[in-house]
Amino acid sequence: MSDIRAIAQISARLSLRKPQQESLRRLAAVLDLTDPSKKTDVSLALDAVKASYPSVQDFERDFPSVCFALATGVGKTRCLGAFISYLFMTGKSRNFFVLAPNLTIYDKLLADFQPQSPKYVFRGVEAFAQQPPLIVNADNYEEGRGVRGADLLGREAAIINIFNISKINSEVRGGKSPRIKRLQEYIGDSYFNYLSELPDLVLLMDEAHRYRASAGVKAISELQPILGLELTATPKAVGAGGTAFKNVIYRYDLPEAMEDGYVKEPAVGTRANFDPKKVDEATLEQIKLEDGVHYHEHVKVQLQTYARQNNKPIVHPFMLVVASDIQHAERLKTLIESAAFFDGRYAGRVLTVHSAKSGEESEQTTQQLLSVETSGKMDVVIHVNKLKEGWDVTNLFTIVPLRAAASDILTEQTLGRGLRLPYGKRTGVEAVDTLTVIAHDRFNEIINAAKTAGGLIHKAVIIGEGGDVPIAKPVMVEAPSLIEQWIAPPPADVPLPPGVAEAPASPFTFNAPAEVEVRKAAYETVLPAFTNRVKTMADLTSPKVVREVAKDALAALHAKEGLFKTEITPERVEAVVAELCEVFAAKTIDIPQIVQSPMQEVAFWFEPFKLQGLGSWNYQPLARELKVETLREGKQSLIGSEIEGDIEEQPEDIIVGLLIDRPEIDYDTHSTLLYDLAGQVVARFRSYLKDNAEVRAVLRAHRRAIDDAIFAQMLEHMGRTRTGYRFTVTRAFSVLGPQTYDASAGKALPLTMTPTPLSTIKQFVFTGAKRGCFALSKFDSDAERRLAVLLDQELSVEKWMKPGPGQFRIEDENGEPYQPDFVVETKTEKLILEPKRKSEMQDAEVLRKTRSATLWCHVATEHHAKPTGGKPWRYALIPDDAIQPSATLAGLLAAYTVAPDMDLLGRFSLTEAA
């Protein structure tokens, strides 16, 4: 039987995504159905698999072999790691042969199987923690590494052979056998023959569609593995008339990957108010290229902004232009690099690559493409002919296909190369999460065709005035705090961005060159270290702390500049620092950093209980051809009693296998209860269904609803260890670093101005705040801007800010982060204000954040402000329609202040840190 515990452990340790977990489950089922070995009857094994998985019509090899068709970007290499882990942990095999279709993928696989790699495929797998698998490859197999490893390590280690298909292919130029098939003195045979005689060799084929040619099939068959596991995004043999695979056991296509958020969302872009029929072909191409560049530059700024705001590495995007032939590509390169194209800005930043006459890219071409991802030196890549696997880059965001039909654009081969997410998951920033195809002349055709091509593209991007992306070159604006502006003002000859108001006059009086150097050193180097050396920001102005800061600032200057030569006296240094600390305290809201930690380990459990309402469960087996069509996308699917899901020996395993996917449920702890609950459900179904086959059919067809219903009742019987929580103030305040904004509109607006139309508000930065901690601000809605205007005009407000990423972080009881919209300090208190659409006030996510914020305010008041003589904190959740010119802060607080959840406080048993 399938080892459910091993599946759960591997899924958790490798953080497998939904399709990866399902692939692992189906591998486990195949092992149960076939019991693969050298003695396995292949025809009987095929019959057993076909009975459970009708999509498998033929193994198409001389040994049991099944294909997992997973969309590009889902993570096929991680699947390889999961498969090997399960086979090894369950004792099915310790010898593996991983096959790569070309040198590029071979090199990537070798890297991913090394423990030092950040993408190590076995990271966290306990079975390989003490003894990592022995890796044998084309460079070391002749040393007898695999054979020697088998002799020395016995049954304690896995041995993984990784080879390029060319190393085992029997058709070699000149008629000679490949080196792997030649006699090796160490073993008295060829290494190939040694592998073929292993009793438990499992073959794993990456990009499996590359191994359907006659030579590849023959070489693979000669290895005589006990099982083949194939992975590909395109389960179809290579070539014009390539036939579909007959051994696909699980299919997870691009539309599903997009829906689940594992890849970028493809979009089609066009110019606003543009009729492509009114221009000739050459003009149309230039317009498409220009608009592609507009979008490319827009994405570039969005990526830089996201990276700076979230302390992530900056991704350098490029634009892919697909040309029809080599001559076409060269003409395009000449145009893009010319002075007539954006004033020659892209000269030297265009790479042209093309395939050989056969349509296959050389390894050199693939390496060129891969270098675009790492170097950041190219903005445009012009490519000829079809794209192939091996260069799944993460920094492709814009595709301009020229002279291409809609059907060509919609293929996974065109879109698939750029669908990988740059940060591994969606960020919530639209431009970062989107792959856009510029297709003015095919716009409507693509949108219509997508609806009949698996729903690949439903999103439109309009480029131009009033659209999503303005024609003007986007501008990334760095917004320092007022303190930073005063300490390091821009040079007088550097103009301010359009519309940006001059910063208020500097309050500093010590402005001699040496005094400025002291102030900069104190602010940039010393003050950040004092955020956890004082209890409150007010302590910075005490004579003792001023002396310490002054001393450290001089030490920093000496270390940086050698001997700091100046006539400035120690008394003068202290005066400079004292003034800095006073201004800093006046223009910074001191937000304590509070870390919560349980005083003992928190445990969850479920009390045994009887499921309620089972008597009303009357699910019936579905007909094989029940058609379901989604309303949003018009996507159709068939649900059948024998089409989806696994067949387990015990119906209870189907239910338990679903429940243990939930993070709240630990199989080892709760297995007895899980099988008891599953047994209750199965008993109910057996009471009115004919046999186990019908019970399994009902469980497979309705398993999600059944799983949700059981878990809902489990939550009613969930217990949790009551524990105290220690709240530690790790920092009394933070030094406000600069915020980074994308000012797509290219200019700033006064804070009091309403942009037209309102939908463009995210394109602008706003300037002119009198009480803000930053001279520039940016807003996600006009309600936020109106609230900022109100705060800036309120006499009771001393200062306000919209925190940037990392400047204010609240965690809920489960560690989920939340960054507030506004932080305000008045003469008597400090506030967290959250403006929200009226229709969203009761959303679950909004309420979760509200509970977290009110708890934080309670802790900050009771365990930091009161003991140190600071101002209390409170939280208000304000509907957008309440933020009107006639509103006052006092009125909004009176109506919309949210008190802390007393039940939540009780469960936390708040305790001050020692």
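The residues lining the largest cavity divide into 6 nonpolar, 3 polar and 2 charged (nonpolar: Ala, Val, Leu, Ile, Met, Phe, Trp, Tyr, Cys and Pro; charged: Asp, Glu, Lys and Arg; polar: the others, Gly among them). The model is predicted, with local features needing pLDDT of at least 70 and side-chain atom pairs pLDDT 80 or more, while totals for chains, interfaces and linings use all residues. Residues are numbered from 1 along each chain as its sequence is written, and side-chain values use heavy atoms, without hydrogens and water.

To view this lining, select Gln739, Tyr741, Gly772, Cys773, Phe774, Leu776, Ser777, Lys778, Trp800, Met801 and Lys802. Strands β24 (739-743), β27 (776-777) and β28 (797-801) each give two or more residues to the lining (strands are DSSP runs of E, at least two residues; helices are runs of H or I, at least four).

Next, select helices α20 (residues 651-659) and α23 (residues 703-715), which pack at an angle of about 65° with their axes 10 Å apart (axes are lines fitted to C-alpha atoms over the stretch in contact; angles run from 0 to 180 degrees between N-to-C directions). Helix α20 contributes Ile655, Leu658 and Leu659 to the contact, and α23 contributes Arg703, Arg704, Asp707, Ile710, Phe711 and Met714 (contact: heavy atoms within 4.5 Å). This contact has 6 nonpolar, no polar and 3 charged residues.

Finally, the whole structure holds 20 aromatic pairs (ring centres of Phe, Tyr or Trp, its six-membered ring, within 6.5 Å; planes under 30 degrees apart are stacked, over 60 edge-to-face, the rest tilted). Select tyrosine 306 and tyrosine 423, a tilted pair with 5.2 Å centre to centre and 50° between the planes. Tyrosine 306 lies in helix α10 (residues 281-310) and tyrosine 423 in the loop between α14 (412-415) and β15 (434-438), so the pair ties together parts 117 residues apart in sequence.

Technical notes. On a 1 Å grid over the protein atoms alone, a cavity is a set of points where a 1.4 Å probe fits but cannot get out, and a pocket is an open set with protein on both sides within 12 Å along at least five of seven lines; lining residues have an atom within 4 Å of a point.
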